Amino acid sequence: MTQIRPLEGLRVVEMSHMVMGPSTGMFLGFLGAEVIKVEPPKGDKTRDLTGMGAGFFPTFNRGKKSVTLDVKNPEDLAKLHKLIATADVFVENFRDETLAKMSLAPDQLREAYPSLVVASCKGFLQGPYEHRAAMDEVVQMMTGMAYMTGPTGRPLRIGSSANDIMGGLFTAYGVLAALIERGKTGQGTAVRSGLFENCLLLVAQHMVQFDIEGTESPPMPERVFSWPVYDLFPTADGRQIFVGAATDGQWDKLCRGLGLDHLLDDPRLQNRPDQIKARDWTLPQIAEKVAARPFAEMVKVMEENDLLFAPVSRPAEMYDDPHVNRPGGLFTSHYPGKPDFRAPSLPVQMNGLPVVSATVDVPSIGQHNAEILGPLKTEAAE
């Protein structure tokens with residue numbers, strides 16, 4: 001079966017760092033676009049991050065081509081403009097004022113290159129906050145995401161760069177829409193994606209609850225449950241398992257699977273609201289049954305009864321997960337100067353195949369200077 005690359009033949013020039021901008025380029029690259037990453041002469045500073053930041057550069061810059069330009073140098077800035085002139089999309093995540101000084105602001109670029117799609121990854125959309133600096137943690141605190149994640153008095157950011165990544169996904173989504181529009185009009189579009197607004201959308205369900213009911217949800221660790229069972233339980237061998245029963249059918253299957261058939265006949269438990277109200281005395285009975293079984297046996301019970309369940313895993317354990325290791329689940333990338341690593345592609349299949357770029361290797365600093373910038377010099381000479 002042939003791999004589908006819907007953006008093949010399109011060129012993306014990406015001048016960004018950290019996560020939101022690079023993930024935009026990665027998403028477009030996995031769909032088949034040629035993505036050229038513009039780095040400073042010494043390379044993107046994200047390359048040097050360690051600890052929790054060590055995965056930023058290799059994860060979100062797979063499959064790209066790297067060129068180095070010093071945009072403070074007039075000659076290199078002129079080369080960047082020549083490079084952008086060959087592109088279909090320009091992705092950036094710099095301050096508006098900085099871009100304007102280099103004639104790289106969206107309105108300037110659209111005037112110079114009318115068919116260009118300009119994708120700007122910003123902290124905020126246009127409005128009172130548009131000039132503020134932002135990072136994932138900042139907007140999670142601002143929007144209430146951190147409040148909803150941690151217990152009362154202890155706001156907590158979620159445990160990955162999920163907001164940055166989703167911000168990049170929305171930017172790529174806007175780029176795809178702009179490319180479709182360009183196909184109709186021949187004109188490019190300026191796409192702006194806001195990290196704050198992205199996070200705002202993620203908490204919208206809690207906002208809407210307040211607007212409709214006039215009540216605020218407590219943080220997730222203290223939430224009012226909407227299901228009879230949606231909890232963690234310890235097993236006989238000391239592991240934890242998440243168990244959920246969100247429908248009438250699942251409640252029935254869980255009770256039968258655990259040998260709690262008497263709960264099905266209890267007149268106090270004949271509908272979901274009553275089952276939720278009874279959590280204080282039904283959950284201990286469920287916990288007792290789970291605690292009597294080792295983890296592997298509980299998994300068997302849950303699978304046989306088609307129930308919601310999950311082990312409590314660490315990210316590193318995903319490398320041992322059989323589903324993650326299915327064909328197309330992980331791809332190995334070469335990382336110059338570092339060990340090769342495995343990472344997933346997009347969580348999408350097309351015609352049964354994973355969506356991944358032609359190469360998933362991480363480029364070395366300026367690896368493609370001759371290939372990409374060489375022709376620009378020839379054109380300049382001519």
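Aspartate 306 is placed in the loop between helix H15 (295–304) and strand E9 (308–311), where helices (H or I, at least four residues) and strands (E, at least two) are DSSP runs numbered from the N terminus. In this predicted model, local features require pLDDT of at least 70 and side-chain atom pairs count only at pLDDT 80 or more, whereas totals for chains, interfaces and linings use all residues. Residues are numbered from 1 along each chain as its sequence is written, and side-chain values use heavy atoms, with hydrogens and water left out. The phi of aspartate 306 is near 55 degrees, a positive value in a residue other than glycine, and at 59% relative accessibility aspartate 306 counts as exposed; the classes are buried for under 20% relative accessible area, exposed for over 50%, and partly exposed in between (1.4 Å probe, protein chains only). Most residues other than glycine have a negative phi. A positive phi, of about 65 degrees, is also found for methionine 18, which is not a glycine. Methionine 18 belongs to the loop between strand E1 (11–15) and H1, and with a relative accessible area of 28% it is partly exposed.

The chain as a whole contains 16 helices and 13 strands, and its C-alpha atoms fill a box of roughly 85 × 45 × 40 Å along the principal axes. Of its 382 residues, 42% count as buried. Among contacts (heavy atoms within 4.5 Å) between residues at least 6 apart in sequence, 70% join residues at least 24 apart. The chain is divided into domain 1 (11–203 + 327–374) and domain 2 (225–313), with bounds that come from an automatic or database domain assignment; the C-alpha centres of domain 1 and domain 2 lie 43 Å apart.

After H1 comes glycine 32, whose phi is positive, near 115 degrees. In helix H11 (residues 248–257), the buried residues are Gln250, Trp251, Leu254, Cys255 and Gly257. These residues lie on the same side of H11 because they cover an arc of only 165 degrees around the axis, the arc being that of the directions from the helix axis to the C-beta atoms. Just after H11, glycine 259 adopts a positive phi of about 75 degrees.

With neighbours within four places in sequence left aside, valine 91 is in contact with Val12, Val13, Glu14, Met15, Gly21, Thr24, Leu28, Ala119 and Cys121. By contrast, a separation of 46 Å is found between the C-alpha atoms of valine 91 and proline 228, which are 137 residues apart along the chain. Leucine 179, in helix H8 (residues 162–185), also counts as buried, at 14% relative accessibility. Apart from residues up to four places away in sequence, leucine 179 touches Leu7, Leu10, Val89 and Val117. Leucine 179 and leucine 269, 90 residues apart in sequence, are 54 Å apart in space from C-alpha to C-alpha.

Serine 357 is located in the loop between strand E13 (353–354) and helix H16 (369–381), and is buried with a relative accessible area of 8%. A polar atom of the serine 357 side chain lies 2.6 Å from the backbone oxygen of threonine 359; a polar contact is a pair of N or O atoms within 3.5 Å, of which, within protein, one must be able to donate a hydrogen and the other to accept it, and residues adjacent in sequence count only if both atoms are side-chain atoms. Not counting residues up to four places away in sequence, serine 357 touches Arg5, Gly29, Phe30 and Gly63.

The second largest pocket has a volume of about 640 Å³. Of the 24 residues that line this pocket, the closest to its centre are Glu39, Pro40, Lys45, Val71 and Phe94. A pocket is an open set of points on a 1 Å grid over the protein atoms alone, where a 1.4 Å probe fits, with protein on both sides within 12 Å along at least five of seven lines, and lining residues have an atom within 4 Å of a point. Grid points are joined across faces, edges and corners, and the volume is the space filled by probe spheres set on the points. Strand E2 (residues 34–39) gives the most to the lining of the second largest pocket, with three residues.
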